[in-house]
Amino acid sequence: MFDVQKVKNECVEWIRDFFEENGKGCNAIVGISGGKDSSIVAALCAEALGKDRVIGVLMPNGEQADIDMAKLLVEHLGIKHYVINIKDAVDGLKKNIPFELSNQSVVNLPSRIRMSTLYAVAQSHNGRVANTCNLSEDWVGYSTRYGDSVGDFSPCSYLTVQEMKQIGRILGLPEALVEKVPIDGLSGKTDEDNLGFTYAELDRYIREGVIDDAEKKARIDHLHEINLFKLKLMPAFKPDI
């Protein structure tokens with residue numbers, strides 16, 4: 001059984017310990033998308049460090065249909081925040097690359113620019129960047145390498161989507177944020193549309209090893225295998241000297 005209160009409390013203490021060892025007095029910098037993951041990570045950081053040490057960064061790429069959800073989160077927590085529109089940066093880079101980008105490059109570019117933005121904010125505000133990925137996303141590689149897959153500390157990398165929802169509720173987040181249908185923020189589709197299975201199915205498979213649909217099992221296993229490289233350190237040559 002998942003003891004949500006125990007896990008939430010331990011995660012809060014883990015965040016405090018991280019900052020004590022890796023940035024005493026520093027701020028937590030959280031990219032706020034309006035989805036449950038960034039909302040929960042921001043709320044955990046606010047409980048761990050106090051809301052005055054959490055800075056939210058909203059990064060629309062031009063118009064963002066659900067930016068009102070991101071604003072709801074920062075207002076609910078009462079944290080300082082910035083709205084930094086990345087459209088000029090994305091368009092400028094695409095304009096100056098002297099060849100046609102692949103579709104996947106176009107899809108991933110905003111995520112990587114957002115991470116550069118977060119580190120610019122962090123370096124100017126004595127901050128540490130929070131990674132907001134969860135176990136379910138990481139399991140099937142549902143993140144952008146050197147985009148939302150990175151950060152300085154990761155409170156939720158070992159928590160599934162269903163477990164995250166429980167933590168969101170115990171943190172007192174608005175239900176609209178906890179149950180918001182996840183959209184990848186890149187292609188405009190929902191996560192589950194892109195994946196071909198639900199997070200509930202994935203989470204049950206991760207925790208219990210059970211899935212009823214053989215085709216979905218094969219797809220999950222395939223995605224997990226081909227995306228494991230995203231969770232590993234960059235290979236480096238070590239000379240024998």
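Author: **The second largest pocket**

Lining the second largest pocket are 22 residues, and Asp138, Ser149, Ser157, Lys230 and Leu231 lie nearest its centre. A pocket here is found on a 1 Å grid over the protein atoms alone, as an open set of points where a 1.4 Å probe fits, with protein on both sides within 12 Å along at least five of seven lines; lining residues have an atom within 4 Å of a point. This is a predicted model, in which local features need pLDDT of at least 70 and side-chain atom pairs count only at pLDDT 80 or more, while totals for chains, interfaces and linings use all residues. Residues are numbered from 1 along each chain as its sequence is written, and side-chain values use heavy atoms, with hydrogens and water left out.

How much space lies in the second largest pocket? About 560 Å³, where a volume is the space filled by probe spheres set on the points, and points are joined across faces, edges and corners. Its lining has 11 nonpolar, six polar and five charged residues. Nonpolar covers Ala, Val, Leu, Ile, Met, Phe, Trp, Tyr, Cys and Pro; charged covers Asp, Glu, Lys and Arg; the others, Gly among them, are polar. Helix 6 (residues 135-139) gives the most to this lining, with three residues.

Now for the wider setting. The protein has 11 helices and four strands, which are DSSP runs numbered from the N terminus (helices: H or I, at least four residues; strands: E, at least two). The four strands form an open, parallel sheet in the order 3-2-1-4, and two strands pair if DSSP finds at least two bridges between them. At the edges are strand 3 (80-83) and strand 4 (127-129), each pairing on one side only. Four bridges join strand 2 (residues 54-58) to strand 3, and Leu58 stands opposite Val83 in strand 3. Finally, the C-alpha trace spans about 55 × 55 × 50 Å along its principal axes.
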